[in-house]
Amino acid sequence: MAEPLANPGGLAGTGVSDPGAPIHFQLIDAAPVAFHGLAESADPGQSGAGMPYPVVGIVGLLTAIATHAVLVKTSESHERSKQENAAEAVLDPFRAGLTDVSLRTLLNSPATSGPVQRAFEILPDAEVTSPAWRLELSPTFLMSKDQRVLILEAQVKAQRQPDREGSSPYANVIRVISAPREDIATDTTATPEQVRHLIDDSSALLVQALEMLSRSLRDAEHPAQGARLEERTVRYKEGVKQRFERGVVLAESCDRVELRTLRGWLMSVPRQSPPTQADCTPH
């Protein structure tokens, strides 16, 4: 799990001149796009390192406790390593088709194009407009063992350009969880169509993350007057698993809920239950 960066949401003195206009990002292509298997968490109550030996006196007890702690830590580390190695195998059918995937590949995917007005625009490398944001983006995509869930965890850092006195970078973690995926690779090598679907799904998650980032930057500069944000526990599905996260709900739509978690992260999750008519409101 990625750790949050410093100063989430800190934007003193920065600005978006027109709250209705797309935010311009200058992308820094420093970090590669990483794909990994999603390791299932081990049951903390089943470490397998018990304390079957007798202890004598306080010194013996303290020695036994210290020995037990080392054994538990070693056992948990070994189990975690086994789980991570097993999790990576889920991507084996796709690896040949993912070697050249970059941020530009994902952002230029046909799956991200269309008539929908985006909250952001990625500027060409040679183009500079004012205002703009220099964006450092480190994305990691995690695929579940059954291939039905794709999760994006992205560390982001955005710096207003040109710098203004008193400005500070925005830094945060954005987590986007896919709805259940349908195209599952059952052979040792995924078909070109299955690889394309995985890239398209990754692109869609990345766009959602950048949409959330753009709204966060805009809202920090143009806070809604009298707006009351609701904090609640959001339950959602991660494939067949039930999960929950507590935080401030930022937006809801027919199929997704966006929130700012208690850690300050931005998160987008699929709805657990079928939406009602009231749920189907625009952001």
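Trainee: Is F120 buried or exposed?
Mentor: F120 counts as buried, at 10% relative accessibility. Buried means under 20% relative accessible area, exposed means over 50%, and partly exposed is in between, using a 1.4 Å probe and protein chains only.

Trainee: Before I go on, what kind of model is this?
Mentor: This is a predicted model: local features need pLDDT of at least 70, side-chain atom pairs count only at pLDDT 80 or more, and totals for chains, interfaces and linings use all residues. Residues are numbered from 1 along each chain as its sequence is written, and side-chain values use heavy atoms, with hydrogens and water left out.

Trainee: What's the mean pLDDT of the protein?
Mentor: The mean is 77, and 65% of the residues reach 70 or more. pLDDT is the predictor's confidence in each residue, from 0 to 100.

Trainee: Where does pLDDT stay under 50?
Mentor: Residues 1-17 are one such stretch, with 57 contacts beyond four places in sequence in the model. Residues 42-51 are also below 50, and that stretch has 12 contacts beyond near neighbours in sequence. A contact means heavy atoms within 4.5 Å.

Trainee: How should I read the coordinates where pLDDT is low?
Mentor: Not in detail, where pLDDT is low.

Trainee: OK, big picture. How many helices and strands are there?
Mentor: Four helices and 10 strands. From the N terminus on, the order is β-β-α-α-α-β-β-β-β-α-β-β-β-β. These are DSSP runs numbered from the N terminus, with helices being H or I of at least four residues and strands being E of at least two.

Trainee: And what share of the protein counts as buried?
Mentor: 39% of the 283 residues. As for contacts between residues at least 6 apart in sequence, 69% join residues at least 24 apart.

Trainee: Back to F120. Which residue forms an aromatic pair with F120?
Mentor: F25 does, and the pair is tilted, with 6.3 Å centre to centre and 40° between the planes. F25 sits in strand β1 (residues 23-28) and F120 in strand β3 (residues 120-122), so to speak distant parts of the chain, 95 residues apart. F25 is buried too, with a relative accessible area of 0%.

Trainee: What counts as a pair there?
Mentor: Rings of Phe, Tyr and Trp (its six-membered ring) pair if their centres lie within 6.5 Å. Planes under 30 degrees apart count as stacked, over 60 as edge-to-face and the rest as tilted.

Trainee: How many aromatic pairs turn up in the whole structure?
Mentor: Two. F35 and F141 form a stacked pair, 5.1 Å centre to centre with 20° between the planes. That pair links strand β2 to strand β4 across 106 residues of sequence, and both F35 and F141 are buried.

Trainee: How does β2 run relative to β4?
Mentor: β2 and β4 (residues 132-143) run parallel, joined by four bridges. T140 is the bridge partner of A34 in β4. Two strands pair if DSSP finds at least two bridges between them.

Trainee: Switching to charges. How many salt bridges are there?
Mentor: A search of the whole structure finds 11. A salt bridge is a side-chain nitrogen of Lys or Arg within 4 Å of a carboxyl oxygen of Asp or Glu. One of them joins R215 and E258, at 2.7 Å from N to O. R215 lies in helix α4 (residues 192-221) and E258 in strand β9 (residues 256-261), so the pair ties together parts 43 residues apart in sequence. E258 is buried, at 9% relative accessibility.

Trainee: What about E252, which arginine meets E252 in a salt bridge?
Mentor: R232 does, at 2.9 Å from N to O. R232 is in strand β7 (residues 230-238) and E252 in strand β8 (residues 241-252), 20 residues apart. R271 also forms a salt bridge with E252, with the closest N and O atoms 2.9 Å apart. R271 is in the segment after β10 (266-270), 19 residues from E252.
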